[in-house]
Amino acid sequence: LIIILSTSLIFFSVLSIIFFITNLLLSHIENNKKSLGTLKAFGLPSSSVVFTYSSITCAIVTLCFLFSYAASLFLGDPVLKLFATWSDDSSGYLSLVTFSGLPFGWNVILFIVTPTCIVWYFIYRYLYNITPGDLIYNRKR
């Protein structure tokens, strides 16, 4: 039961990261459509715009991952032990629980590579075959 709950929590976390970053970047692109359209009209290729926003995505996700991974390494066991002492656990099972996580490589794949690739796909799909006029004049595709 614990494995099922922790696995579903991991996948929910990954989906939340993907939805948040995608919404953040697409709303930013939506607010700056005219500027991006002007840059594309002067010859900036779509691949440069997609690469720029993908780099921003990777930087945001990596910084957040490193901060949260370090926090979980340093605060995981102390917070778990504090919770075990404060709870009303008459059986004593909660004090036997130890903090553990996935290996670092799996964390990188799940929390950095996967969200970055999926957000890159959405940005690519949103920006790649759009003309400068579509961006400047808010034309629907």
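How exposed is Cys58, by relative accessible area? Cys58 is partly exposed, at 31%. Keep in mind that this is a predicted model.

Let me stay with the cysteines. Cys117 is also on my list. Cys117 is partly exposed, with a relative accessible area of 46%. Do the sulfurs pair up, or stay apart? The closest cysteine sulfur to that of Cys58 sits in Cys117, 8.9 Å away. That is too far for a bond. The cut-off here is 2.5 Å between sulfur atoms. So the count comes to 0 disulfides.

Next, helix H2. The helix runs over residues 33–41. Which of its residues are buried? Lys33, Leu36, Gly37 and Lys40. Down the axis of H2, these buried residues fall within an arc of 100 degrees, so they line one face of the helix. What do they pack against? Four helices are listed: H1 (2–31), H3, H4 (104–127) and H5 (132–136). Just after H2 comes Gly43, with a positive phi of about 110 degrees.

Now to H3, residues 46–86. Leu73 is found in this helix. Leu73 counts as exposed because its relative accessibility is 53%. Leu73 also belongs to a nonpolar surface patch, together with Phe74, Leu75 and Val79. Together, these residues have about 450 Å² of accessible area.

To recap: 0 disulfides, one buried face on H2, and a nonpolar patch on the surface that includes Leu73.

Notes. Residues are numbered from 1 along each chain as its sequence is written. This is a predicted model: local features need pLDDT of at least 70, side-chain atom pairs count only at pLDDT 80 or more; totals for chains, interfaces and linings use all residues. Side-chain values use heavy atoms; hydrogens and water are left out. Patches are made of residues with over 30% relative accessible area and no salt bridge: like charges are joined within 9 Å, nonpolar side chains (Val, Leu, Ile, Met, Phe, Trp, Tyr) within 5 Å. Accessible areas come from the Shrake-Rupley method with a 1.4 Å probe; for residues, only the protein chains shown count as cover. A salt bridge is a side-chain nitrogen of Lys or Arg within 4 Å of a carboxyl oxygen of Asp or Glu. Helices (H or I, at least four residues) and strands (E, at least two) are DSSP runs, numbered from the N terminus. Buried means under 20% relative accessible area, exposed over 50%, partly exposed in between (1.4 Å probe, protein chains only). The arc is that of the directions from the helix axis to the C-beta atoms. Contact means heavy atoms within 4.5 Å.
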